[in-house]
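My entries follow in the order in which I looked things up.

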Amino acid sequence: MGLYPEIEPYDHGMLDVGDGNRVYWETCGNPRGKPALVLHGGPGSGSAPYFRRLFDPAAYRIVLLDQRGCGRSTPHASAYGTDMSVNTTAHLLADLESLRRWLGIGRWLVWGVSWGSVLGLRYAQTHPGVVSELVLTGVATGSDAEVELLTRGLGKVFPEAFEGFSAGLPEGEARIGNLAAAYNRLLESPDPGVRERAARAWTDWETATIPAPPRSVERFEDPVFRMGFARTVTHYWGNGHFLAGEGAVLRDAHLLDGVPGTLVQGSLDFGNLLGTVWRLHHAWPGCELVVVDEAGHDAGAPGVAEALVAATDGYARR
């Protein structure tokens with residue numbers, strides 16, 4: 001089964017979630033269909049119309065949102081005055097519950113990509129009873145080991161790009177410590193020139209190491225998106241994703257018992273080098289793992305998209 005046709009929202013709005021934040025949300029498909037929540041990646045990428053096409057619009061009430069600080073939500077993380085201390089995993093989880101109650105939804109399927117898979121897993125672990133199923137791709141768990149792999153670890157695979165990436169940091173910080181935290185300090189500098197150079201260096205590194213379709217690369221040419229994305233990613237990566245200890249999501253995988261789930265993973269996703277998705281699969285009773293050959297960290301890759309549609313089609317019949 002291929003992607004479903006493009007559709008437009010039948011409703012949308014801005015939800016006041018407190019702390020001066022208003023979160024953009026939209027609903028598509030069948031207002032009386034099976035509720036499904038879409039969690040985008042990043043953190044800080046924002047939702048995309050493409051995600052709507054992964055669900056049968058006749059069967060699903062599809063809910064998308066832009067998480068705090070990104071997309072159409074306000075205030076945007078690109079603005080220096082935006083308070084990032086109220087943008088943490090706990091805040092995002094509370095926002096999901098506020099939105100669920102606002103929309104009058106009891107339980108919903110949760111779909112997540114990359115960071116969205118971390119958020120979806122933690123949501124299911126901490127809010128039992130409201131997640132009917134999970135469909136996750138580009139699977140991550142938000143561990144420090146994953147951050148180390150995607151920064152300093154990949155420096156051994158992309159030495160030329162890493163040389164430019166590390167050159168943007170003070171010499172001592174380039175050699176030791178959490179590189180995301182070091183870049184986040186630059187992105188919080190009062191000097192706009194320092195912030196802009198750091199945002200460009202961070203997104204150049206991401207472009208060099210994570211093969212992505214043109215639409216994902218082109219967005220980094222937008223200075224607002226570039227700054228908001230880099231600031232948000234480094235804020236989370238530099239602070240352990242604001243989770244309850246290192247490896248918390250894998251540690252608490254047993255809490256997913258009774259929640260059906262499908263993991264769709266590209267065989268060339270660099271996150272596989274740590275074996276995280278396999279460990280999650282074995283620690284989560286009743287979870288299905290679908291590995292797509294010749295695909296990387298891309299929810300739109302051939303084979304990945306079809307597997308995601310097959311999963312949502314299957315759960316639509318539950």
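**Entry 1: two helices crossing.** I began with H4 and H7, and found that H4 passes H7 in a left-handed crossing (left-handed if the near helix is turned anticlockwise from the far one by less than a right angle, right-handed if clockwise). Helices here are DSSP runs of H or I with at least four residues, strands are runs of E with at least two, and both are numbered from the N terminus. The contact joins Ala161, Phe162 and Phe165 of H4 to Ala201, Trp202, Trp205 and Ala208 of H7, where contact means heavy atoms within 4.5 Å. Ala, Val, Leu, Ile, Met, Phe, Trp, Tyr, Cys and Pro count as nonpolar, Asp, Glu, Lys and Arg as charged, and the others, Gly among them, as polar.

The axes of H4 (residues 159-167) and H7 come within 9 Å and cross at roughly 165°. Axes are lines fitted to C-alpha atoms, for helices over the stretch in contact, and angles run from 0 to 180 degrees between N-to-C directions. H4 and H7 are therefore roughly antiparallel to each other (angles under 35 degrees count as roughly parallel, over 145 as roughly antiparallel, 65 to 115 as roughly perpendicular and the rest as oblique).

**Entry 2: basis of the values.** I noted that the model is predicted, that local features need pLDDT of at least 70 and side-chain atom pairs pLDDT 80 or more, while totals for chains, interfaces and linings use all residues. Residues are numbered from 1 along each chain as its sequence is written, and side-chain values use heavy atoms, with hydrogens and water left out.

Entry 3: I found H6 (residues 179-187) packed against H7 (residues 192-209) at an angle of about 145°, the axes 8 Å apart. On the H6 side, Leu179, Ala180, Tyr183, Leu186 and Leu187 make the contact, and on the H7 side Val194, Arg195, Ala198, Ala199, Ala201 and Trp202 do. I recorded ten nonpolar residues, no polar ones and one charged in the contact of H6 with H7.

**Entry 4: the sheet.** In what order do the eight strands of the open sheet lie? I read S1-S2-S4-S3-S5-S6-S7-S8, with mixed pairing; two strands pair if DSSP finds at least two bridges between them. S1 (11-18) and S8 (287-292) stand at the edges with a single partner strand each, so one side of each has no neighbour in the sheet. Neighbouring strands are turned by 20° against each other on average, direction ignored.

I then followed S6 (residues 131-137), in which seven of seven residues are buried (under 20% relative accessible area, with exposed over 50% and partly exposed in between, 1.4 Å probe, protein chains only). S6 pairs in the parallel sense with S5 (residues 108-113) over five bridges, and with S7 (residues 261-266), also in the parallel sense, over four. Tryptophan 111 has valine 135 in S6 as its bridge partner, and threonine 137 stands opposite valine 264 in S7.

**Entry 5: two single residues.** Leaving out residues up to four places away in sequence, threonine 27 touches Pro9, Tyr10, Asp11, Ile62, Val63 and Leu103.

Arginine 279 is found in H11 (residues 276-283), a helix that lies across S7 and S8 and runs at about 155° to S8. Arginine 279 counts as partly exposed because its relative accessibility is 45%.
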